Every structure is written in C-alpha cells, then in structure tokens.
Amino acid sequence: MNNKFFFERIPNYFILLAIAILVFFKLIFYILVKSDLILSGFGTGSDAIYYHGYATGLYTLAVNIWPVILRYLNNIGLYSRNSISYILFFLSLFAIPFITAKLASLTFRNNQKHYLYIILICIAYPTPYVFVFDIFRDVFMVFIFLISCMIVKKFVDSKNFLFFIFYLCISIIIGFFLLWLRPYLGYAFLVSLLLWKIKFSKNKILFLGFFYFLILFILNYIGALDLLTEYRSGFKEIGGGSTLGLDFSNPIMFIPNFIFSFLGQMLGLYITNPLAVVLLLIETVPFFFMLIYVLKNIKLADNFVRFLIIFFVIYASVWLIGNDNLGTAVRLRMYNYFAIYISFFYILRLKSNTLKNLKGIKR
C-alpha cells in the first residue's frame, strides 16, 4: 500500500526548478521595485515612514523596540533605509526558509524531498515578501521568532540539567525580546514555555479543546478580556470591507464570534477582493491541510511540537479576539502558519522514518 501524499510523487528536480523560478522572479521584481522601474503597492507605508523618522531623530516616542534598534544603528553609522530593506529581503528569501527546515529537523541529504518542499513553501509564502520593500518589522520578527524556537528546541530536548537551565534562561531572555517587539507575541511565547509538558492524544485533545473554550468564555464573562475586546471595537471606525464587524461584547455570542474570527482571519474565508482569493489558495489551503494532518497525528507530537502547538493556540487566542482588520490578520497569522509548517514536516519526517524502519525489519 502506498502511503505517500500526491505531492510526494513529484520528482525532486521539479521542486528544485520551482524554487529556482520563484527565487529568480522575486529577486527581479524586488530589483525593479527598488529601482523605481515599476510601481507597486509594496513600497513605503506609514509604519516604515515612522520607523525611518525615529531612526533619524525626527520622532522621540518609540512604540516598540524595532525603531530603537534602527536608531542605534543610525547612531553608530550603520543605518541605511535601503540596506535594512536588503537585509530583510535576504532574511525572507534565504534565512527564514532554511531555519524553518532546520527546525523541522530536515536535511537535504537525509530528507531531500521534504526538505525541498518546506523551502518551496516558505519561499512561496507571499506575505513575508510584501514587507521586505521597506523597513517594516514583520520579517525581522519572524526571523527572531524562528531563532527563539531553535533555542526552545535545544531547551526541551536537553538531557543535561546544566544545558537545560542554560537554554531555558536564553529562551526567557529572547521571549522578553519578542515581547518588546510585539507584546502578545512575547507573552504567548513565554507562557508556552510553562505549558510545553502538556501531552496530547486524540481523545485528550477533544477534552482540552472543550476546556479551552470554557476558559475563554469564563475569562470574557468576568471581564478579563475587556482590553482585547475594546481594542477590537476600535476597528469599527475603519469600516468597509476590511473588518469582520463581530461584536465580542456579548458574552453569549463570544464563542460563535471567536469561531467566525478564526474562519475569517486565520483561514481567510472572508473574501473581500481578488487578492483575498489568491491568498486563500496560496497560503490558507496548504496551511489548513497541514493543520488537519498535525491534529490527526497529534500523538506523535514530542516536546518541541507540543510547544509549537501550545504557542499556536495561545498566540491565536489573543489576536483573534483583539484584531478585526483583515489586512492586519495576514501579518499576525504568520507565526501561526510557521508553527504549523514546522510541526507538519516534523511529524511527516517521524512517520517516514518509522515506515522505513518497519520495511527494514520485514526484510
């Protein structure tokens, strides 16, 4: 019986060719945009203008640590708006895909097809690419998040107590750095460090899911989530097709609204324009397939995958309640998507190795 997915039957050279084509076109398009030879919607934005203004001393209020880093680089003579953009482009196109493959414990030598696929998926992921044309913080944050996951992987897999403590301390430090970049990203990361020991099974995950919704309902009912729901209500002023317009102030409708928020923002099923359809096909469909696979094979989750799944749930819980802007949702969900990418290929590798071992025993 052939247990391979349909995409695993595609020859490796086709996958490699697809990677090469994507890299080539992304590189050419980036050069054309940066050279002002073509106009696009990927140029400067209000965030980037503010970051540049703070870096050069025009503004004095720092909303997060990213502009502080840029100003420090400017003070020591290493800041250039274009140069930072080039670095972000490099991180998006090369560093992030290879770190993601590393986190999934894939190597080109031992897991060639899966290795190429995870590289292809990361390079094909359109959202990070949108934020490399100026000094936005999003790609930098994804990079730091993946680096922090590498530290956590060493922490949860450490057999030596001294190494365990060392990597735990580093994980906490980098968690605070994530907090300074985006508060709820850092909080989700730090809380996940406390809960990674929770074990999953198909039966237990149903109970945990019920318990999870019950806790959210209670927290909302007693007003513990008021800060998030009030922040979300501010998006009503934007209006138009950019918001879901869900009212989280009604306790009875909280769980249904949360589910609708997941469908609309995490899965992008609230279609408002042709771009949303493209993102649905390129981003959401592969992600949803991988998410289902991870849930079906949840019993194979080891310490590291458990950490990623717990992070996925905690981080998503915060921004799905607090955010009601569909454009912002595409940026916020990147960390959830990467967590599932890693978990999917990590588990796929474990299953592939198990099948190989069984075939070896039968022989």
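**Core, contacts and packing**

Mentor: The largest nonpolar core has 114 residues, and Leu146, Met266 and Phe345 have the most contacts inside it. Helix H14 (residues 303-322) gives the most to this core, with 14 residues. This is a predicted model: local features need pLDDT of at least 70, side-chain atom pairs count only at pLDDT 80 or more, and totals for chains, interfaces and linings use all residues. Residues are numbered from 1 along each chain as its sequence is written, and side-chain values use heavy atoms, with hydrogens and water left out.

Trainee: What makes a set of residues a nonpolar core?
Mentor: Its members are buried Ala, Val, Leu, Ile, Met, Phe, Trp, Tyr and Cys residues, joined through side-chain atoms within 4.5 Å. Buried means under 20% relative accessible area (1.4 Å probe, protein chains only).

Trainee: Which residues does Phe345 contact, leaving aside neighbours within four places in sequence?
Mentor: Among them are Ala104, His114, Tyr117 and Met290. Contact means heavy atoms within 4.5 Å.

Trainee: Why is H3 called roughly perpendicular to H8?
Mentor: Helix H3 (residues 65-75) and helix H8 (residues 161-181) pack at about 95°, with axes 7 Å apart. Roughly perpendicular covers 65 to 115 degrees, so H3 is roughly perpendicular to H8. Axes are lines fitted to C-alpha atoms over the stretch in contact, and angles run from 0 to 180 degrees between N-to-C directions.

Trainee: Which residues in H3 and H8 meet?
Mentor: Ile65, Trp66 and Ile69 in H3 meet Phe177, Trp180 and Leu181 in H8.

Trainee: How do you know that Lys202 lies in a helix?
Mentor: Lys202 is in helix H10 (residues 202-221). Helices are DSSP runs of H or I, at least four residues, numbered from the N terminus.

Technical notes. Helices (H or I, at least four residues) and strands (E, at least two) are DSSP runs, numbered from the N terminus. Buried means under 20% relative accessible area, exposed over 50%, partly exposed in between (1.4 Å probe, protein chains only). Angles under 35 degrees count as roughly parallel, over 145 as roughly antiparallel, 65 to 115 as roughly perpendicular and the rest as oblique.
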